Every structure is written in structure tokens, then in C-alpha cells.
Amino acid sequence: MLILLSSKPSTDNVRGPAFALKEHEIVSVGVGVGDASLSELETIAFKPGFTYKVTGFSKLPSIQSQLVATLNINKGTQETETGISDLVGSEKRDIVFLLDGSDGSRNGLPAFREFIRRTAEELDIDGDKVRVAVVLYSNNATVYFDLKTHRSKKAIIYAVRSLRHKGGRPRNTGAALQFVQDHVFTDSSGSRRLDDVPQILFLLTGGKSNDDVTRAASDLKQNGVLSLAIGMKDAKQQELQKIAFSSRFLFNLPVFGELLSIQPEIAAFLQSKIPIEPPTVVVELESPQRDIVFLLDGSEGTQRDFPAMKTVVQRVVETLSIGENKDRVSVVQYSSDPRTHFNLNTYMEKEDVLNALQELTHKGGSPLNTGAALEYVRKNAFTDSSGSRHQEGIPQILILLTGGRSRDDVASAAVALKQGQIVPFCIGTRSADILELQVIAHNPSYAFSVPQFDDIGSIQQQLVSFVRRVPRQQPRLKPHNVLGSADQNESIQRDIVFLLDSSDEMQNEFQPMLGFVERMVAKLNVDESNDRVSVVQYNREASVEFLLNTYTTRQNVMAKVQSLRHKGGKPLNTGAALQYVKDHVFTASSGSRHQQGVPQILVLFTGGRSSDDVRNAVEQLKGFGVMVFVVGTKNADILDIQTISQESGRAFFAADSSDLLGIEQQIFTATKRGALPALTPGSHDPSRRDVVFLLDGSDDSQQGFQDIKDFVQRVVADLHVDANKDHVAVVQYSNTAQMNFDLRHYSAEEDVLDAVRRLNHKGGSPHNIGAALEYVREHVFTPESGSRLLERVPQILILVSGGRSGDDIRTSVRMLREIGVMAITIGTTNADTLELQTISHEPKYSLSVTDYEELPSAARDILSLLKEASPNTEQTAPAKDFDSKKNDVVFLVDGSYDSRNGFEEIRAFVEKTVESLNLRENRDQVAFVQYSRDATANFYLNSYASKNDVLSSIRTMRHKLGRPLNIGKALTFVRDNVFAASVGGRHAESVPQYLYVFSGGRSGDDVRGPAQSLKENGIKTFSFGTKNSDTLEMQTISFTPAHYFPVTNFNNLQSIHSSVEATLRGTQETTEFPTVIDTSTIAKLDLQSADIVFLLEGSDEMRASEKTILDFVRDFVKPLEIGPSKVQVALIQYSKEPTADFHLNTYSLKDNIMSHLSNVKLRGGVTTNTGGALDYVKSNVLSASSGSRARQGVPQILILLRGRKSEDNLFGPVERLRKAGIVLFSVWVKNADRQEMDQLAQSSTEQYFIKEKSDFPLLSEQLLSAIASHKGTSSTGVGE
């Protein structure tokens, strides 16, 4: 036993010696005083719980009894599977599950329940050996049951099944940890900690804590509670590290569903004697036979060390069991060239090997060519003729001893060794390059560094232990000789799936559809080795009729197709059906030969529009390499067909069954090998990429660097890191760039993840992105650094940026593109969006996050982009030009939480609008921007030159999310950054510029200034708002109030598309722009001849707003020029019946009108008959007898101010007003009836909604602007 007392952190590395102590079964207890490092003591300690920490030496007596109890080891302990004595001496456990019950983890409850149930099933609960408690927490913690509540497995499992989500926010993990310590790990709650029963805590959390966890986590460790931290979804690695008893007891999973994947490991850990290794089942595959080659540095630099090197080899050989059917040994020495001293089949006795080693002499020579030596041993030492037994699966082990850095490249030779299943170990002195050794070694932990070879004793035991653990390999099968080649008897191979619409609408078309399938199958060579066929029907759900491996003859397939019956059902969920085919039919278990490079073909037959979204499934099929043909009939949606097929040449529409004959021949011709994309395994391996992370290491990113590392780890975890698959490099930059490791460095995912965890922040300023891009081009994307560019392996750069570049990026970007590097960028709000889109492969490859904490959640978006295959093939779908002129069209879309449920509908509306544009060079251009707190451009006006590219980008776009909604700021962003000439804006060329604004809520900032600025710049704005948006605000933004389109929600957008197009065409004919009215210059407006009637609801409910309403009327009239030949005004009130205060011809002087208005009082009343009041105005006020000048072409304006829904028929009178040419402006005060607003919108009535008194001045401006734009209309019935 060893008791270590330490008061400061060690100045050297303790990990290796600590491991050696454990290997020798020396029980170490770490006692820290003052500034001692707790994590260091945990590394040294024999097992969790064997670590103590006190503030000063005077406090040591306080832990004496605990220390004595720890050292009181049961003499009768047995050896564990790892060969280390058990120090617990008891099979009892007290286990507490602490579950995140906050709102953000609601979806995790089923996984939590199942995890606990499965774990409980495997525990010895009935004998009171194991006790279990469950605690839920969110903003506070609640005991569901404690350690003494249930004493049987059945009772616990029953209770867990009834577990319900707690709910609440925020997530206070720190308080919950303190709660379980104070209220659950106690005697009163059933804890047996005073009886030395191990106390184990499982924390299951789905996100970052709102409070600090440090103190509570530390207290639990001090009290000997073994905490396992299991994070999922948005959990923070740094936080979990604080909570976990040590890093060995930490799990961070991307989704809740993966929790069950680690449950077997957790159960094995709980059933064991709490081993020192992390809770992972380690299967010891020690082989009694090994082939070991020692490769010794014999260069000039090792002459003095050579005797020590020989001693190292001798010591290792002493531990082996040498024999023909046991261990075999070979020795090779090298400098500039290698030399074999003896082969694996030279000596079969240990004594002979040791004698040969004794006689070894130093080779000498220079330089040191380690790469050539590695290649030599692979080709000469590990061969059958030299005694290698690799064909039998005997472990092939190389032990390299070197005293210097290689003069040649070692990376390719190291990769070849690993591909040959040779496991290299490396031992180097301080003169050797440890990074080089880690590249060569099987994994970095197999590379050792010692001051000199005399000091090998500190790592010898560890080396021997590792060598013993190298498992046997699967015996290698000798390749069979094949008579003839594939070229001699080549046949077409295809996996073809027919997906047939069997909804109710297709009942009459079902037999023609089956006939189509039969004729297609008749042309195929159906056979297990040639064409394979599957048929799936779908409506609400998909149903497989037969799989690709069900039938192996054409006759059987035809017979089954002929026997199919129409299933019927609705709705038509094409998206779900496509996803089903991808997940369940194009799989190896269902007969798919995708892995063998056989073309995957889907033929979809549909007769209606899909009720669900198809885009995600289409993208997945495309990413999987499936060629999709779509045949539409009856009510099939053309846009759906083109979206699914991805190429117009694979989309067909059959008006009737006679059209099917020609279509089947076209599809059959296209599926022949010559027409298929190259899908051979060698042509495109989606898991063979060189991925370089270029990380912001500047001073600005220091606080968020752990989030950056978490992001990289999440991406790497989804890659296929291997010598012949994905390679990864990491570079940091600030004012300069610094490589952390290059593409050749690691060939195993675990090693890359470990290297990323150990990254230290670089620091420095400013952000010189241009220089960093130049650095990766010259030093990372090169063969010397492991780039496989010359092998045509995709070269991918992932740039993370938190700020604008301090230098020019353009030249560096151009040069990276020239060598074929595809860049993906992700920036925080402080980064320059335009700059990042300039760097990225395409604008859609540029992502934005609010801050670094959101980075890990963006990993999925990055992975989705990485999975995209070849560039999109441009479609040439027919387009209906709404104008032959050039247009700049920008869509500004609400990306906040307010619109998250309507984003798909907005996207569909935008797509439909884009379809009508003439998108090509020197014609229409489109940009897309999302906004919430800030605005982010998804792509700019000059980003894409084809309609297909624009539509593809829109279809793959993700909702931004965020809050609040700052429309004013977004308008300013669009004006300055999207309509700018640098990104394609053509204002200087007098090209019309249009802005479509979508909003699902009221703006958090002022929109008036930015809206006026857009109008002054000649930008015509259309706005679309839901019931939650502010009508007045949206009309302020719009070109005119008529350019605002209110909808109840975004689901109704499609219904107004034709109205929008009609308004757009009218707008294109207009060259004048309305301006926000300055009342001081009202005389400049063409209002010298207008008849304006104010119709006021005078009911009891409106009396509270009386002063505000009448002040508005007075302020509106004050700047007008009143007179019989100028502007005339009338005032009418109504509730149940209308009453005229004065008519149009009552006053000819403004002073008289103002005096009358000063004395008006609302008359009151209970009933509001707005329809009757409108008819009254038409017949009795806007009439020639009352002063109307409609016959002279003077505009007839009616301004209705009200606060309640009409109790009589409103829409007949409104329609009569419209036909009479009377322009109605409806102003809602305080309250508004949404249904009536929506119905009025259908009649083109211009509506406003006033919530605050402060809104009235803006309303005046808007009304004056709108009235000024109206021309006089002479209609029958007006002025009669």
C-alpha cells in the first residue's frame, strides 16, 4: 500500500507511473493538502473513493478514521476479471437516479424510464443488497421515491413505469445535487453510507444548468459519493466534468435515444466490484501467440545508447514465451537503410533469441529514414517467408526504438502498417519527435517518451501490459482465383423500388398503374445477381408488398404485381413514404446492394399533392445516391413532382393512361448503365474525406473555447475516422495560424477526440482569416500533411469565426477554391455574414449562431452539409415570367420563435413566387434573409445565377430561431447589406427592387425610420403579417397600405398568392413612390379635391377612447385645405342607428369644422350596426345633396373608426361601397375582431389597428399617404 501526501500539483506527468503502480497491484491512496490537485490525486488513487482533500495539515486528523476504514481490506478478496483485488468487500449499493425534469428535457422521459427499468432488472434488489431512489428536478428537486421506499425489484419497476415528467424551468442542476446530498444520501432516507455501502449517483441531464454546480459537485465527492454524469442533447461537457467523480465516469450523448446504448455498460459496472477502469466492459483478448518485430535506431545518434536499447529488448523478451507455436521475435536495425539481424522463424528458443541480442552490434550511418524502415519491415519482416503468421490471425506487433526525428515521411508507411493489421508501439528519447511517434503508433497511448533508454524501467511494465492485450485478428482468407473477368460477362445490375399511390383518389387509376409496373418489370433481367425489384404501396402510411430480396425471378415478381389490390385511405403522406423506403427498403437486410455500388432506383407513382413535407426525405434519398423518377397523374402537384425528382428530366405527368407507354420507355432507357450516375464504390465514398477545422483561437473566443471544442467533438463523432476513411486536422488562428495536428496524425476516432479534448486555447488578436486560409492551403491541404487531394478525396474546410477578419480574404478564398477545397463557415453574431458567405462553398454552406454556446447544436447542420454529394444538376423547369425586365427581389423572413410553426408555409410561398421569376443572367435576381434579434442573409442577390440553385437553397434552408423580433433593424440590414451593389444590387442601373417582408409578431424596435429610408431608396415593399403582427406597423413598412396582406396564420399564404402577383404587376407599372407624409408639407399633396367622411362608432364601449379619437380627427383635418373646391369633410356617428354631426357641404371654412369638432361628444349606445351605418353613408352622406363631388371625379374617402364587431351584416354594404368607387379605410381602436378583419381583407379594404395613443400620429401619416395615392372615380350610384 502507498499513502501519498501532497500539498502542490506535480511538475511532471503522473499518469504513466500511476498506471504502473496499479498494474503491480500497489494500492495507492491520495491525500491532498492545501493547493494539491484533486484531479491529479484521482489519477494516482487506486480507485474512486481513495482520494481525500483537506485545507491544511492541521486538518489531517479529521480524515484519519475514514483512511483507516479505507485500508481495512478483507483478506478474503478474490481477483477480479482485470486481475486487481477488490477493495469494496461488499456487493451492496445505494443508487440514486437524479433526472432532469425541466421543460427542455420533456422528450427524454421515455428513455430515462427505460434506462432505469433495464438497470433495475439486472440489480440484486430483493435481497436488500441494492437500494434505489429516484429524484426529479427542474427549478427545484422532488423525491419520487427514496432509498427506503421500495425493497423489491417489482415495486421499483412498477413505480418507474408510472413516472411522469416534472416540468418547469429553469434547470438548476447545482441545487438538485445539493438536494440529493442533504435529503437523499441520509440515514433518514435509507442511505447506508455509515455502513461503508458505496453511494452512487446517476445524473441524467439534457442541458446546461442555470446555476453553478461546482460547490455541490465538490461536496458530493468529498462525502465519497461516486457520481456518474450522463449528459444528452444540449448538455455542456465542462459542466459534466465538474459533476462526474472523475473523467472516467462521464458520458455526453448527442440525443436522448442513445442513453439506452450505454445501459449494458452501466449495468456491468454496477454488477462488478467497481473496477478502476471506467464503466465499460473490457474483454481481455490476450493471445498466447504473437509475432513481434523490434525495429532499432542504429544511426550515429544512438551509438552511446545502443547497449541500453539492447537491454530494453532483452527485458521484453524475458517476459515472452518463445516457441514455434508461441511467441516469435525478429530484430531489424536501421539508419539510412534497414538491415535484418534475424527473422521471426530464425529462433524458436528464448535462450537463442537472448544470445543473438547479446551479439548485436551498432549499425551506424545517417540520416535516419524511419519511413523507409517501416515500409521495409512491412514488406520483408511481416511476411510468410520470414515466419509471419498473419494469415492465421496471430497478432502482428512492431516495437520501434528511436533516438531522433526521421528525415523522411513516416505517415504513409504508418498507414500501410495499420491497414496491414500490424500494431506499432514506439519508444523515443527526448531527441525523438513525440508527434511523429504518435503518428506511427497504433494509437497515441502506444507512443512512449523517455529521457534516455536507461530510463525505460518507468514504462516497461506498461509496454508489456499493452503488448499482451493486443487481441488475435480474424484469420485472413486467401483470395480465390476467378475464371474470367467481369468485363467478359458484364450484365446490368439495378435495385428498383416502385412506390405506388394507393390513396382513395387513385382507385380508378390503380390497374393502369399496375400495368405500367408490369411492363417495366418485363424489360428487366430479374435475378439475384442482376436486377432486383420491390413494390411498396402508400397512402397515410407505407406498406411493403415485397422487398428486393423476396423474389429472384421475373415470373414471380410479375405474378405478385398482378395479384395486388388497391388499399385505399387518406391523407397522402408522400414524405413519410419516401422516408420509409429510404429507411426500410434501400437497406442491406431488405436486399439492397448499395454497398456493392449497385445503382439504387426509385420510381414513384402519385396522383395527388402530398399532405406532408417531402423535402427532408428527398434530401436523404439524394444523399444516399438514389435516382428518383416521378410519374404524376390526376391531381398530382407539379412542384411536388419536380421537388422529389430533383431533375426535370426525371419528372413526368400523365394526363391519362395512354401517356404511360411513352413514359415507361423513357425511364427504362434512363436506368441503363450508360445513363446512370457513377455509383461504383471507388468513385464516391461518402466517408472518405479530409476535414480540416480552422478554429477561432483569438482572445475574443477564450470564454467560448470549450463550446468550440464540444462542437468539433460532436462533428468528429459522426465521421468515420480511419486510415482509409475520414481524416481530420485542427488549426487555430488569431493574428497567426497554428496547427494542432495535421491530417496524417491520427487514424482513429478515439485519438482525434482525445486530442481535441486536450486542445489549449491559442490566444492573440486580431482575426486574420485571410492569412489563416493561406496557411491551411500551404501547410495542411498538402500531401506532406496527409492531404489526399491527388487521390481526389474531397477536401473540406470548416471555419469557425467569432469576428470580422482583420485582413483581406479574397485572394486566399480564390486560391483555396482553385485547388478544390470546399469551405463550410459558421460564425457568431459578431462575425461578418457577407465575409463568411464569400469564403463558403455556397452561401447555404454558411451558418450563423448567436454565440459559441449554440455551436454544439449546430453540429447536425454541419454534418448534413458534409453528407451532401455532388453539386446539384441544374433543372430547366418551365418558368412563367411575370415581367421581361430585370428585378431584384429580396425575401425578408421572420426567423424568430413567433414563426417557427409557419416557416414551411413561408418557404412554400417563396418557392412559388420564385417559380414565376425569370432567374437567369442579366434578368431577375433573388436574395433570402432571416431575422429575429439580428438579421442573417442566407444568400445574396448575386449568389445564384439559376432558378434551380435558388430553389435548392430555399428547400434546404433551416429556420433561424431567436428573439426578440427587431423588424426595424432587419430593414436597415437589408437596405445596407442586401440591396448593396457589392452583393448584386442594381439600383444604380435603375433595376426595380422589391422586398417581401414576413412577420409573425410585433416588432421590438421602431420601424418608421428604416421603412421611410427604403421608400426613399426606391425599394417597393410587400408585407405579410399574421394575427399576432401589428397591422399599422406592417402598413408602415409597406409600399402603400394596399401592399400589406394580413393572414390569420402563415398556412393561409397560398390563398393570397394570386392577389400578391396582381398587386405586384400593378406596382411594376407604377413609377412613383409614396412617401411618409410630413404634415407641414401637406399642401404639396394632391388633396385639394377630396371628400372625406369620418364614421365614428359612438357606442358606450368607445367613450373611454373619446378624447383620443376626436383629437385624431382634429389633428387629421388641421393641415388640410378646406373649401367647396378643395377638401370637404363630414362627421357621422353610429351605434344602433347612424346620426350626422355635419355633412360635406355643412362647412366651407376650416375654423368652423375645428370649432364643431371641439364640442362633439360620442352619443353612446349598446348595439353596433356597422353595416347599416355604411349603407347610410353611401346613400345619404356621399351623395350630391350632401355635397359629394363624385360626378366631378373627386375621390370619395370613408374613414371608419370602431372597436367592436358589427352586429349586422357588414359585407354586403362593404361590397356596395367598393362597387360605388368609395375607398374604405377601417381603423380598429383598442380591440379588433380577427375573423372580421380577415373577411374584410378579402374585399381589399385597407385596415389599421391602433393599440396605443402614440400610434395615432403614425396612422395620420399612413392615411394621408394612402389617400394621396388614390385618383378620383366616377361610378354609378355615387353622388346620385
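Which residue lies over the face of Phe624? Lys582 does, at 5.1 Å from the ring centre. Likewise, Arg1202 lies over the face of Trp1228, at 3.9 Å from the ring centre. A charge counts as over a ring if NZ of Lys or CZ of Arg is within 6 Å of the ring centre and within 35 degrees of the ring normal.

This is a predicted model, in which local features need pLDDT of at least 70 and side-chain atom pairs count only at pLDDT 80 or more, while totals for chains, interfaces and linings use all residues. Residues are numbered from 1 along each chain as its sequence is written, and side-chain values use heavy atoms, with hydrogens and water left out.

There are 23 aromatic pairs in the structure. Rings of Phe, Tyr and Trp (its six-membered ring) pair if their centres lie within 6.5 Å; planes under 30 degrees apart are stacked, over 60 edge-to-face, and the rest tilted. Phe112 sits in helix H4 (residues 109-121) and Phe256 in the loop between strand S9 (250-253) and helix H9 (263-271), so the pair links distant parts of the chain, 144 residues apart. Helices (H or I, at least four residues) and strands (E, at least two) are DSSP runs, numbered from the N terminus. Phe112 and Phe256 are both buried, that is, under 20% relative accessible area (1.4 Å probe, protein chains only).

Phe425 and Tyr446 are stacked, because their ring centres are 4.4 Å apart and their planes at 15 degrees. Both residues are buried.

Elsewhere, one aromatic cluster is formed by Phe891, Phe909, Tyr996, Phe998, Phe1022, Phe1024 and Phe1045.

Methods: Buried < 20%, exposed > 50% of the residue type's maximum accessible area, 1.4 Å probe, protein only.
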